[in-house]
Amino acid sequence: MAGASVLFVCLGNICRSPLAEGAFRAAADARGLQLGVDSAGTGGWHVGAPPDPRAQAVARAHGVDISGLRARQVTAADFELFTHVVAMDRDNLAALRRLGGASGGARLSLLLDHVPGRAGGDVADPYYGGPEGFLATWADVWAGAEGLLSGLALRP
Ligand code: 4NP
């Protein structure tokens, strides 16, 4: 657990994965754990951009500040830099496998694999919807962060 580091990955790195990063950091802090955490996108359109204002708002409403995060694109080196690479959906998991994640050092999974009863499921992309979608995203990433932390405690 002490040496674990987690990279959360979605498509744009402005909605789901920065929320997962913020939720995971907050949940780890609450448990007194200091773990490596970052997020990235499989796409490069938003590189350098802060999280979507709707993502910032839902995080802030839950006491988590993600305004300082900036989007970046995932690279093959990330599979060596992180012990766990966690995709938000199956499309992004497939993209990570194409990038070489199947052979790298990091353990690859879907975020919802860490939530009992939801293994194999996707965190829905809220980008084209309304603010209620971001609330659902927050609930998903919070459940995923908690489940991942519990799993790491059992199997670091
Ligand atoms: P994310 O959401 O993958 O959760 O960051 C998206 C952000 C931007 C786009 C798609 C999804 N886009 O097509 O620009």
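## Where the ligand sits

The ligand takes up the space of the largest pocket. Keep in mind as you look around that this is a predicted model. The volume of the largest pocket comes to about 180 Å³.

## The pocket lining

## The shell around the ligand

Which residues surround the ligand? They are Cys10, Leu11, Gly12, Asn13, Ile14, Cys15 and Arg16, together with His46, Asp125, Tyr127 and Tyr128. This shell around the ligand splits into six nonpolar, three polar and two charged residues.

## Polar contacts and cover

Now for a look at individual atoms. Leu11 takes part through its backbone: an N or O atom there lies 2.9 Å from an oxygen atom of the ligand. Two other residues take part through their side chains. In Tyr128, a polar side-chain atom is 3.2 Å from an oxygen atom of the ligand, and in Asp125 a polar side-chain atom is 3.3 Å from an oxygen atom of the ligand.

How much of the ligand's accessible area does the protein cover? On its own the ligand has 350 Å² of accessible area, and the protein covers 91% of that.

Definitions and conventions: Residues numbered from 1 in each chain as written. Predicted model: local features only at pLDDT ≥ 70, side-chain atom pairs only at ≥ 80, totals over all residues. Heavy atoms only, no water. Near = heavy atom within 4 Å. Polar contact = N/O pair within 3.5 Å; in protein donor to acceptor, adjacent residues only side chain to side chain. Areas by Shrake-Rupley, 256 points an atom, 1.4 Å probe, with all protein chains shown as cover. 1 Å grid on protein atoms, 1.4 Å probe; cavity = no way out; pocket = protein on both sides within 12 Å on 5 of 7 lines; lining within 4 Å. Sits in = over half its atoms within 2 Å of the grid points. Nonpolar A, V, L, I, M, F, W, Y, C, P; charged D, E, K, R; others polar. Points joined across faces, edges and corners; volume = space filled by probe spheres on them.
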